[in-house]
Amino acid sequence: MNKNSKRKLDHIKSCVQEDVESQGKGTGFEDINLIHQAIPEVDFDSIDLSAKFLDKKLDVPLMISPMTGGHERSKELNRNLATAAESHNIAFSVGSQRVAIETGEFIETYQVRDVAPDILLFGNLGVTQLIQGYGVEEVEDAIDMIDADGIGIHLNPLQEVVQPEGSRDFRDAFENISKIASELDEFVYVKETGSGMDSEVASKLEECDVDAIDVSGVGGTSWAGVEATRDSSRKKAGNVFWDWGIPTSVSTAEVCRTVDIPVISSGGIRTGLEAAKAFALGADLVSVGLPLFRASLDSEEKVIEWLDEFILELKMAMFLTGIERVSGFEEVSCSVFGETRERFKSRDLFLEKWEGDHVD
Ligand SMILES: Cc1cc2nc3c(=O)[nH]c(=O)nc-3n(C[C@H](O)[C@H](O)[C@H](O)COP(=O)(O)O)c2cc1C
């Protein structure tokens, strides 16, 4: 078996059998409360979750994060996820296509257009592949392989450094991303993989001409945790860096305040209420990984069931804050660390308070 394919299978085993989510740190959404409206003045049944993201109308501003592909089992998982995405008209990304590009094998494990003809679909590659020589041609190949609308480029320095066999030279990352983003006609977004992004990196990515950013912060899947739980010589380092990074709420608030391009909030978002808080901080889309991956191991019905519950919770949060459209979150009042602000001046208050509480 190809060593990348084998590693993917090891990761899956850890993600399914072990608790690989953050331990000491949460997403930070627990510090934010949306203010309850005792008289919401909206009809629950008229709540409209639809939103436009990168020129495409979605029924819910939600994405299934890139997770799988490149080994035998992943064909079924990607199809379960994609079918569920099609049923709700939400966005979906396949996992890293490195194995298929490098070996020409397992291509069919990523291909989902026959079951998901209309969704906003993304391919996925790592920035380390760009640094090691993948150019526009390989990225185009990845997009064409699955008839995608664009590509997500993942940043995973924590995973690379904690993996004994990881790639550790990130020096030309911005240059390579800029080349791809400026030369490619399709959408290019850049995502972290569970350690979050600060405003400086986000600004530089915006300058690189990327179409969107997924902050993918701390609070959910930890790649140091995955490494610590698999049979690896880096168990100790994996444990030391388990919660490394920026909590999803903080990363979302910081990046949304800084860039004008669309922002995806992800990393540990598990409920529709957490999604609502991400929208209140300014996110354009939320994305979910691990719970949907686990559901996909069962069936497409389980994925749909999980999504239905999540969407119901998001609608409940909208009803209880008195808004009928996702864009209404801009106007929702929040209480942050117990202090209430009208309208969402709360994002600044949240960052101010968070920094005050955590810097010293
Ligand atoms: C099993 C698994 C495989 C993943 N593989 C990829 C990948 O190939 N490419 C990528 O960009 N992110 C990958 N990720 C990271 C997710 O896309 C996401 O950024 C991260 O898991 C945080 O979200 P979560 O807490 O909702 O899982 C993977 C995550 C999981 C759980």
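Predicted model: local features only at pLDDT ≥ 70, side-chain atom pairs only at ≥ 80, totals over all residues.
Two helices, H2 (residues 74–88) and H12 (residues 272–281), each cross helix H14 (residues 300–321).

**Ligand surroundings**

- Proline 66 places a polar backbone atom 2.8 Å from an oxygen atom of the ligand.
- For serine 216, a polar side-chain atom lies 2.8 Å from an oxygen atom of the ligand.
- In the side chain of asparagine 124, an N or O atom is 3.0 Å from a nitrogen atom of the ligand.

**H12 against H14**

- The axes of H12 and H14 come within 7 Å and cross at roughly 50 degrees, so the two helices are oblique to each other.
- The crossing of H12 over H14 is right-handed.
- On the H12 side, Gly272, Leu273, Ala275, Ala276 and Phe279 make the contact, meeting Phe310, Glu313, Leu314 and Ala317 of H14.
- These residues comprise 7 nonpolar, 1 polar and 1 charged.

**H2 against H14**

- The axes of H2 and H14 come within 8 Å, crossing at roughly 40 degrees; H2 and H14 are therefore oblique to each other.
- H2 also passes H14 in a right-handed crossing.
- Asn80, Leu81, Thr83, Ala84, Ser87 and His88 of H2 meet Glu300, Val303, Ile304, Leu307, Asp308 and Ile311 of H14.
- The residues of this contact divide into 6 nonpolar, 4 polar and 2 charged.

Conventions: Residues numbered from 1 in each chain as written. Heavy atoms only, no water. Axes fitted to C-alpha atoms, helices over the stretch in contact; angles between N-to-C directions. Helix = DSSP H or I, 4+ residues; strand = E, 2+ residues; numbered from the N terminus. Parallel < 35°, antiparallel > 145°, perpendicular 65-115°, else oblique. Left-handed = near helix turned anticlockwise from the far one by under 90°. Contact = heavy atoms within 4.5 Å. Nonpolar A, V, L, I, M, F, W, Y, C, P; charged D, E, K, R; others polar. Polar contact = N/O pair within 3.5 Å; in protein donor to acceptor, adjacent residues only side chain to side chain.
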